[in-house]
Amino acid sequence: MIQKPFLYAHKSPGINRFFEILDMIIAGINKNVAVLGLVFGIVITAINVCVRYIAGFFPEIGSLTWAEEVARYCFLWSAFFGAAYGFRKGVHISVTMLIEKFPPPLAKACVLGTHILNSIFLGFMFYASVMVCYLNYEIGYMSEALHSVPLWVFLLCLPIAFFGATYRSIEKIYEVSWMDADKVVRNAEEEMIHDSVIKD
């Protein structure tokens, strides 16, 4: 009786289609923010270096006082959203040498346990990052360089990225749960090799 709702959801085309669309939306956000954050961070840093060099000859020009902080937050957004996207691609470092020696059911249990622990940790980090943003909002901290911008706006990358990573980790739990035990380790290895070569 307990398995029937899950079996229905697993085989329902409508539910599967919904999660496919959700998957594409989250993946698109994670990937694009990671790329744009890196690009903007590099461009802002390069412009600031050029401006400082020119300011050595023309001191009245000065430098972009906001550039260093904004570039730092751009790299921060890029790193966290890139890490969240990495959960989807399965490219985070993992060592499968030990579980390869286990019987398939035990190997599956180990992989499943790893994803469960990941989900618990990432869920806690999502909660903690929400609290960090809320505390900064309550206290009213402002950006050091952009005085009119609240600090919590820059820190929004933390709860958003951790939410995406938590969703991905829970998604892995679902995938491994329905996978045959003798395919779990091989699938993890093939996924890592494939996604380290194939770029989308």
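Start by selecting T166, whose place is in helix α6. Helices here are DSSP runs of H or I with at least four residues, strands are E runs of at least two, and both are numbered from the N terminus. T166 counts as buried because its relative accessibility is 12%. Buried means under 20% relative accessible area, exposed means over 50%, and partly exposed lies in between, using a 1.4 Å probe and protein chains only. Now show what surrounds T166. Not counting residues up to four places away in sequence, T166 touches S119, L122, G123 and F126. Contact means heavy atoms within 4.5 Å.

A word on what is on screen. This is a predicted model, in which local features need pLDDT of at least 70 and side-chain atom pairs count only at pLDDT 80 or more, while totals for chains, interfaces and linings use all residues. Residues are numbered from 1 along each chain as its sequence is written, and side-chain values use heavy atoms, with hydrogens and water left out.

**The whole chain**

Zoom out and colour by secondary structure. The protein chain has seven helices and zero strands. Along the sequence the pattern reads α-α-α-α-α-α-α. The chain has 200 residues, and 30% of them count as buried. Look at contacts between residues at least 6 apart in sequence: 74% of these join residues at least 24 apart. Accessible areas come from the Shrake-Rupley method with a 1.4 Å probe, and for residues only the protein chains shown count as cover.

**The cores**

Select A34, Y73, F81, C133, L151, F154, L155, C157, L158 and A161. These ten residues make up the largest nonpolar core. Such a core is a set of buried Ala, Val, Leu, Ile, Met, Phe, Trp, Tyr and Cys residues joined through side-chain atoms within 4.5 Å. Which helices each supply at least two residues of this core? They are α3 (67–89), α5 (151–155) and α6 (157–178). The core also draws at least three residues from each of domain 1 (12–89) and domain 2 (90–199). Those domain bounds come from an automatic or database domain assignment.

Stay with L151. Leaving aside neighbours within four places in sequence, L151 is in contact with Y73, N136, Y141, M142 and S143. Another core of five residues lies apart from the largest one, with I44, V70, A71 and C74 among its members.

**The salt bridges**

Now turn to charges. Side chains of opposite charge can pair when their charged atoms come close. A salt bridge here is a side-chain nitrogen of Lys or Arg within 4 Å of a carboxyl oxygen of Asp or Glu. How many does the structure hold? There are four salt bridges.

Select E20 and R17. They form a salt bridge, with the closest N and O atoms 3.4 Å apart. Both lie in helix α2 (residues 13–55), three residues apart, or about one turn of the helix. E20 is partly exposed at 42% relative accessibility. R17 is partly exposed too, with a relative accessible area of 45%.

Move to R168 and E171. Their closest N and O atoms are 3.0 Å apart in a salt bridge. R168 and E171 are separated by about one helical turn because they are three residues apart in helix α6. R168 is buried, with a relative accessible area of 1%. E171 is buried as well, at 19%.

Next, pick K172 and E175. This salt bridge has its closest N and O atoms 3.8 Å apart. K172 and E175 both lie in helix α6, three residues apart. Buried or exposed: which is K172? K172 counts as buried, at 8% relative accessibility. E175 is partly exposed at 34%.

**The surface patch**

Select F124, Y127, V130, M131, Y134, L135, Y137, I139 and Y141. They form a nonpolar patch on the surface, with about 960 Å² of accessible area together. Patches are made of residues with over 30% relative accessible area and no salt bridge; like charges are joined within 9 Å, and nonpolar side chains (Val, Leu, Ile, Met, Phe, Trp, Tyr) within 5 Å. F124 lies in helix α4 (residues 104–139). F124 counts as exposed because its relative accessibility is 51%.

**Last stop**

Finish at C110, in helix α4. C110 is partly exposed at 28% relative accessibility. Leaving aside neighbours within four places in sequence, C110 is in contact with I99 and F102. C110 and I99 are eleven residues apart along the chain, and 7.5 Å separates their C-alpha atoms.
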